[in-house]
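I opened my notebook and went through this structure piece by piece. Here is what I looked up, in the order I got to it.

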Amino acid sequence: MSQSSEATPVCDGAFESIPIIDLEDAFSQDEPTRRSLAQQIRMACKNVGFFYVKNHGISQDCLDKVLNANKEYYSLSADEKMKLHHKIVPNFRGYCPPMEANIQPGNRGDFHEGFRIGWEERSEDPRIQSTSRDGAMAGVNVWPDQPADFRIACMDYYHAALAVGKKLFGLFALALDLPETYFDDKTLHSAATMRTLHYPPQPHALDDKILGIGAHTDFVCFTILWQQADIQALQVLNSHQQWINVPPLPGTLIVKFLGDQLARWTNDVFKSTVHRAANRNAVDRYSIALFFSTDYEVNIEPICTCVSAESPAKYPAIAAGEYVKQRLTAMYNES
Ligand SMILES: O=C(O)CCC(=O)C(=O)O
Ligand SMILES: [Fe+2]
C-alpha cells in the first residue's frame, strides 16, 4: 500500500495544506487496494477539492520538452502569436494575449498569455487532424509554425496527462460508490482541452485588480495542472477565506483540482475550490492546465448516490459542452 497524504485536512474546509495522493495504487490489480485509494481521494475531494498526485507516470523528458517548447513559443513576437488569435479560430482554440481574458468579474484582466488545444491524434504528420465530435465545442486545433516541435511536445504531454485523467475518473467513480466504469461511456471522446500558460513577472503589487489569473473555480470536472518548479504563484481559498499557497513540489508532482462540473455531478458533495495565481517573482512562470470534461453531449445531472430526500438535486441537467461553452464565453466577454 502506498502512503496517502502528508497533510490531514480538517473536515470543515479550513485546510491549511494540500493532501498528496500517490497514484501507484491506481494500477493495482487488487480491487480493495484501489478502493482504499479512492477513499483517500473522497476525503481530499470533500474537504479540500485540491490534491497533489505523485507517481502519475508522466516522464521528466516529456515535461522538459513541453516546457522548453512553450518557453520558445511565448518568446515569439506579439504579431507572430496573434496570427492564431483565439477570436479568429473556432471555439476558443489558439492564442490569447495578456489582459484579454478576465476570469474574475470586477478585475481588470488576467496578466497571462495562453494557448489552447483540444484532442487530436498524436501523429508526426500535421495533416492528420481529428475530425471533432465535440458538438458545442467543435473545432480542430491550430498550430504555430514555430517552434517546430511545439505541436508534438504539446500532444505528447496532452496524451500522457489524458491517461492520468482517465485513471482518475475511475477512482472518482469508486469514491462516489459507483461502479468503477461509471464514467467510461461518458468519457469516450476525450473532451479535454489544454491551455499552456505563461505568466510574465509581476514583482510588485501594481494593481490588486490585475492578477496572473483572478480568483475562480474551473468549469470542468477536474483539472490536472503542471506548474514550473521553484516558482510560487498558485493559491487556493479555504473556508476561512484564507489564501493557502500551493507551491510546486519537487520532482514529478502534479496538482489537480476539482471543477464545477464535478460539483454538479456530485450535488456539491465534492467541492469546486476557488483558486488564483499571481507571479510576484522576478522571473517568468509557465504552467499547463488540462481541463477534463465528460463528452460534450453527456448530460450533467446530480448522480443517484449524491441525492436523497434530505439532499435533493440542486442543479438542472445541462449538456457538458453547452456548459463549458457558456462559461468560456463569459470569461472572454463574448456574446
Ligand atoms: O497557472 C496556474 O497555476 C493556474 C491556472 C488555472 O487556474 C486555470 O487555468 O484555470
Ligand atoms: Fe483554474
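**Entry 1: a strand pair to begin with**

I started with Q235 and looked for its bridge partner in β13, which turned out to be R276. This is a predicted model, so I keep that in mind for every entry. A reminder to myself: strands of a sheet pair through backbone hydrogen bonds, either parallel or antiparallel.

**Entry 2**

I then picked W243, which is in strand β11. Setting aside neighbours within four places in sequence, I found W243 in contact with Q235 and L237. I also checked W243 against P316: they are 73 residues apart in sequence, and their C-alpha atoms are 31 Å apart.

The loop between β10 and β11 holds Q241. Its phi is positive, about 60°, although Q241 is not a glycine. Q241 counts as exposed because it has 8 C-beta neighbours inside 10 Å, and the cut-off for exposed is 12 or fewer.

Which residues are around ligand 1? I listed R195, L197, I213, D218, L225, Q227, A233, L234, H275, A277, S287 and A289. The elements giving two or more residues to this shell are β6 (192-199), β9 (222-227), β13 (275-277) and β14 (285-292). Sorted by class, I get 7 nonpolar, 3 polar and 2 charged residues in the shell.

Of its 8 residues, 7 are buried, so β6 is mostly covered. β6 pairs with β5 (residues 113-117) in the antiparallel sense over 5 bridges. In that pairing F115 stands opposite T196 in β6. β6 also runs antiparallel to β14, with 8 bridges joining them. There M194 stands opposite L290 in β14.

I moved on to helix α1 (residues 31-47) and helix α4 (residues 150-175). They pack at about 80°, with axes 8 Å apart. Angles of 65 to 115 degrees count as roughly perpendicular, so α1 and α4 are roughly perpendicular to each other. From α1, the residues R34, R35, L37, A38, Q39, I41, R42 and C45 meet L171, F172, L174 and A175 in α4. I sorted the residues of this contact by class and got 8 nonpolar, 1 polar and 3 charged.

I checked one residue in each helix. N47 lies in helix α1. N47 is buried because 21 other C-beta atoms are within 10 Å. N47 and I18 are 29 residues apart in sequence, and their C-alpha atoms are 9.9 Å apart. G170 is in helix α4. Why does G170 count as buried? It has 20 C-beta neighbours inside 10 Å, and the cut-off is 20 or more. G170 and S17 are 153 residues apart along the chain, with their C-alpha atoms separated by 25 Å.

In the loop between β5 and α4 I found P147. A cis peptide bond joins Q146 and P147, with omega about -10°.

In the loop between α4 and β6 I found D177. D177 is not a glycine, yet its phi is positive, about 60°. With 13 other C-beta atoms within 10 Å, D177 is partly exposed.

**Entry 2: the whole chain**

Last, I zoomed out. How many helices and strands does the protein chain have? I noted 6 helices and 16 strands. Of its 335 residues, 43% count as buried. Among contacts between residues at least 6 apart in sequence, 74% join residues at least 24 apart.

Technical notes. Residues numbered from 1 in each chain as written. Chains lettered and ligands numbered in written order. Predicted model: local features only at pLDDT ≥ 70, side-chain atom pairs only at ≥ 80, totals over all residues. Near = placed C-beta within 6 Å. Helix = DSSP H or I, 4+ residues; strand = E, 2+ residues; numbered from the N terminus. Nonpolar A, V, L, I, M, F, W, Y, C, P; charged D, E, K, R; others polar. Pairing = 2+ DSSP bridges. Contact = placed C-beta atoms within 7 Å. Axes fitted to C-alpha atoms, helices over the stretch in contact; angles between N-to-C directions. Parallel < 35°, antiparallel > 145°, perpendicular 65-115°, else oblique.
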